[in-house]
Amino acid sequence: QKCVVELRPERGSVTLESGCYLLNFRECGGCGKRGLLQSKNKRCEEQEDDDGEYVETVEFDHVCGACGHVVCQHFYSFTVGAAGVQEYLMECVLCGRGMHSANALPTVTAADDTADEKKSEHVLSSSSVAGRIHPVLGANSAEYEAALHAVNSTSRSDDGATSKPKPSGLGLKVGGMASTIAAAAAKAKSDDDDDDDDDAWED
């Protein structure tokens, strides 16, 4: 007790695996000097039982750097329970007594669950809309493909003649769009053919 200012002070949640609490060191009981302390005779052990609990313990001596006098022994332990709770403990005449615990597993609250559900619904809704909207025409791509197929497909009668089926309202609307696109493509092809003829004439 001569070596420390206060015997085993309460340190709250402070737990030291190494080092020392120099503010509580008064002087060496062997030589009377107040110099640096050394950590010697360190011993570490690890254990894990069948229940999944892991325990790590560390012990060492606080020794006077001048004369080698052993001031006290330091004890530290770290425990992880099966439920994921971590517990830290320190017992030392010089460094004091301290302990605290923490949960290693994340805690999910009801508010977090609700926020995740809303985020998932928003992502799914956005993906569904992005999948339905045609990237060029801005129309429903599935209905567009069905109507375009109805407009372009033909049906044969018993006498071998072909006739186009009567499209629905959506088919007429999309069919008009398809006709416009087809006309533009035909015009572009005609312009290309004219350019080729001009080039041949000039040759």
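The sulfur of Cys20 lies 5.9 Å from the closest cysteine sulfur, that of Cys95, which is too far for a bond. A disulfide here is a pair of cysteine sulfur atoms within 2.5 Å. Cys95 is in no disulfide either; its nearest cysteine sulfur belongs to Cys92, 3.9 Å away. Across the whole structure, the search finds zero disulfides.

This is a predicted model: local features need pLDDT of at least 70, side-chain atom pairs count only at pLDDT 80 or more, and totals for chains, interfaces and linings use all residues. Residues are numbered from 1 along each chain as its sequence is written, and side-chain values use heavy atoms, with hydrogens and water left out.

Buried means under 20% relative accessible area, exposed over 50%, and partly exposed in between (1.4 Å probe, protein chains only).

| Residue | Relative accessibility | Class |
|---|---|---|
| Cys20 | 26% | partly exposed |
| Cys95 | 0% | buried |

**Cores**

Cys95 belongs to the largest nonpolar core, which has 12 residues. Such a core is a set of buried Ala, Val, Leu, Ile, Met, Phe, Trp, Tyr and Cys residues joined through side-chain atoms within 4.5 Å. Its members include Cys3, Phe25, Leu37, Cys72, Cys92 and Leu94. Strand 4 (70-80) and strand 5 (85-92) are the elements that give two or more residues to this core. Strands are DSSP runs (E, at least two residues), numbered from the N terminus.

A second, separate core has six residues, among them Phe60, Phe78, Val80 and Tyr88.

Asp61 sits in strand 3 (residues 54-64).

Asp61 does make a side-chain polar contact with the side chain of Asn41, at 2.9 Å. A polar contact is a pair of N or O atoms within 3.5 Å; within protein, one must be able to donate a hydrogen and the other to accept it, and residues adjacent in sequence count only if both atoms are side-chain atoms. Asn41 is in strand 2 (residues 37-48). The two residues, Asn41 and Asp61, are 20 residues apart in sequence and 6.1 Å apart in space, C-alpha to C-alpha.

How values were computed
Helix = DSSP H or I, 4+ residues; strand = E, 2+ residues; numbered from the N terminus.
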